Amino acid sequence: MPDLLLELFSEEIPARMQAKAAEDLKKMVTDALVARGVVYEGASAYATPRRLALTVHGLPARQPDTREERKGPRVGAPDGAIQGFLKAAGLASLDQARIESDPKKGEFYVAVVEKAGRALPDLIAEIVPEVVRSFPWPKSMRWGSGSLRWVRPLHSILCTFGPETEDPEVVRFEIEGVAVGDTTKGHRFMAPGTIQVRRFEDYVAKLEAAKVVLDPARRRDIILTDARNLAFAQGLELVEDDAVLHEAAGLVEWPVVLMGSFEESFLSVPDEAIQATIRANQKCFVVRDPKTGRLANRFILIANIEAVDGGAAIVAGNERVIRARLSDAKFFWETDQKPLPGYEAEGKPLDQRLAKIIASNVVFHEKLGTQGQRIERIAALAKALAPVVGADPAKAERAARLAKADLATEMVGEFPELQGLMGRYYATAQGEDAAIAAALEDHYRPKGAGDGAPSDPVAVAVALADKLDTLIGFWTIDEKPTGSKDPYALRRAALGVIRLVLDNRLRLPLLTTVAKAPFAKSNDIADDLLAFFADRLKVQLREQGARHDLVDAVFGLGGQDDLLLIVRRVEALGRFLGSEDGKALLAGAKRAANILRIEEKKDGAGAYAGGADASRLTEPEEKALQAALQAARQAASAAIAAEDYEGAMTALSQLRRPVDAFFDKILVNADDAALRLNRLKLLEEIRTATRSVADFSRIEG
């Protein structure tokens, strides 16, 4: 079957745009083919700095023929409707239509529209210009006098189509004068000549011979393997960095791995700052000395050329830039530890930076005050939370006050991604307690799903205070996430609180905590904020395989604000409902709830409260159920008081057979009104008993 090869050749495409552009090209072309009724066996897209390439294999030679029956107006309809039908169906007269009869609608015209499929090259010549003109680049440009927009000037288009056994044909079309043919170019410097290609395998091989590795995954493998080997040859270890790896692979077509060096004196700067400097400015890797665990004064760069001097000039140029940038980093590092002019009386360097933040009145949010006011709130909340998490209140308060101080340092000003980390270094340098220093870095964690939550109590207290202050503050001013919009990362903050609580197995009553927060209206937003936590907890538990309806069932009890106990209830409920007793009891409880819901419309809500009258129970099944309910409620209540949710479920499981027997033998809606009411009260007792552990009405199934 024929294959399609398409290449769009341009000036250098930014590395950050390449992967998505390749996927967009594949999707847009294949979607357009499918929309025209064309199926294919597979498609792959690739990107290098100067080209997007697509291969679609297993295509038919022609678009399939189509046959469509188009229903028209009824027989005897006005002439205008008839003429419109003929025109839409492409018929010359009604003689070309047939008449069908419908028992309800009478006779009406039907046209059979048959359309011959087009040759695939004709379709491709129609599709590709549409794709190119509507391509969703984040940023694009025009050049020359044309109106075509592309990420960088588009030089040529290669487009061939044909089976493996024959020479493919060039698909002929034109896009504002951009040439379309069967040629491309190799490496800009090492093989700049024109290359003629036939199909994809030929294309890949000839590019490789012309010093272009088409597949970005293979370029990454080459870079990583060669970098590891080069480091190992020097007795060092590569510090792997996915961001650098992907960007470097997007900057070169022919990766050449080289090693450079810098002065050992720069190693006085923290490793992370050195790595951030080298990564940000030169997109290079750093290496580690396995004997010390610290960085070595070497770096690994990725060139795009096999230079005649072995890369010596390239290495020297990178060394000059890195030396200058590391000089800046060393200056920042040393300056940040010196007294801050005008704030010398404020104490240690971080205290001085904190005083600068407070004095500058930097606004955190126009409705939530300054950064200094926020720091005071976090410190007060961290101190209040310290006993709950087992932290020293004084240490938690001190750590919270210093947590944002590094935002006023030169190093964090240059490398914002080092905030918190540099705070730890500076706190250690000025002699702070180790737990306080660690909290300055860890209070931002967890930063995402793959990041661990801190476990040291001081760090936990500050991390909780930081995230809760953010959530309570924005809830107070009614700036909540809406739809996909979450500009203040409040969903991430809530998930962070959940992770901190669950990973550290903390007993943290959220309603009480929110009420204690230093906002005048905290009590007013507590219930709504708790509902937000419930939604985030559902997300967290769903990722772990739990059912969202079980979370709803536990929150449905009301007043549930201890996340750790909620999760324990959900886990116990999930195990219980997985058993035969659990499934049967759920069915019985739902049946009872459905009957009660229907009858309450007649008698009014609350009509069945107070429990059934034992003297009015006439049947053995009624008496057995009431006895079982009393025993189960008593046992479940004691288990819940002891936070033994497995025990509570076991107690409820004893209701399975009495409930089944009751529904098998007893008519609830008896003719005798008093008997009916008493039996409905017995159903209410079932609902009340199960609600001791969860709201069974919210459980699906």
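This is a predicted model: local features need pLDDT of at least 70, side-chain atom pairs count only at pLDDT 80 or more; totals for chains, interfaces and linings use all residues.
View A. Residues are numbered from 1 along each chain as its sequence is written, and side-chain values use heavy atoms, with hydrogens and water left out. Helices (H or I, at least four residues) and strands (E, at least two) are DSSP runs, numbered from the N terminus. Glu 253 has a relative accessible area of 3% and therefore counts as buried, a word that stands for under 20% relative accessible area, with exposed over 50% and partly exposed in between (1.4 Å probe, protein chains only). The side chains of Glu 253 and Arg 51 are joined by a polar contact of 3.2 Å; such a contact is a pair of N or O atoms within 3.5 Å, where, within protein, one must be able to donate a hydrogen and the other to accept it, and residues adjacent in sequence count only if both atoms are side-chain atoms. When neighbours within four places in sequence are left aside, the residues in contact with Glu 253 include Thr 48, His 187, Lys 211, Arg 219 and Asn 304, contact meaning heavy atoms within 4.5 Å.

**View B. Arg 676 in helix 25 (residues 673–690).** Arg 676 is buried, because its relative accessible area is 16%. Its side chain makes a polar contact of 2.7 Å with the side chain of Glu 599, and another polar contact, of 2.8 Å, joins the side chains of Arg 676 and Asp 603. Leaving aside neighbours within four places in sequence, Arg 676 is also in contact with other residues, among them Lys 602, Tyr 608 and Val 668.

**View C. The largest nonpolar core, with 145 residues.** A nonpolar core is a set of buried Ala, Val, Leu, Ile, Met, Phe, Trp, Tyr and Cys residues joined through side-chain atoms within 4.5 Å. Among the residues with the most contacts inside the largest core are Met 411, Leu 464, Leu 683 and Phe 696, and helix 15 (residues 457–476) gives the most to this core, with 13 residues. Not counting residues up to four places away in sequence, Leu 464 touches Leu 385, Val 389, Val 497, Leu 500, Val 501, Leu 506 and Leu 508.

**View D. The packing of helix 22 (residues 620–641) and helix 24 (residues 656–665).** These helices pack at an angle of about 155°, with their axes 9 Å apart; axes are lines fitted to C-alpha atoms, for helices over the stretch in contact, and angles run from 0 to 180 degrees between N-to-C directions. Helix 22 and helix 24 are therefore roughly antiparallel to each other, since angles over 145 degrees count as roughly antiparallel, those under 35 as roughly parallel, 65 to 115 as roughly perpendicular and the rest as oblique. The contact is made by residues including Glu 621 and Leu 625 of helix 22 and Val 659 and Phe 662 of helix 24.

**View E. Helix 14 (residues 434–442) and what covers its buried residues.** In helix 14, Ala 435, Ile 436, Ala 437, Ala 439, Leu 440 and Asp 442 are buried, and their cover includes helix 9 (349–360), helix 11 (393–402), helix 13 (421–429) and helix 15. At the start of helix 14, a side-chain oxygen of Asp 433 reaches to within 2.8 Å of the backbone nitrogen of Ala 435.
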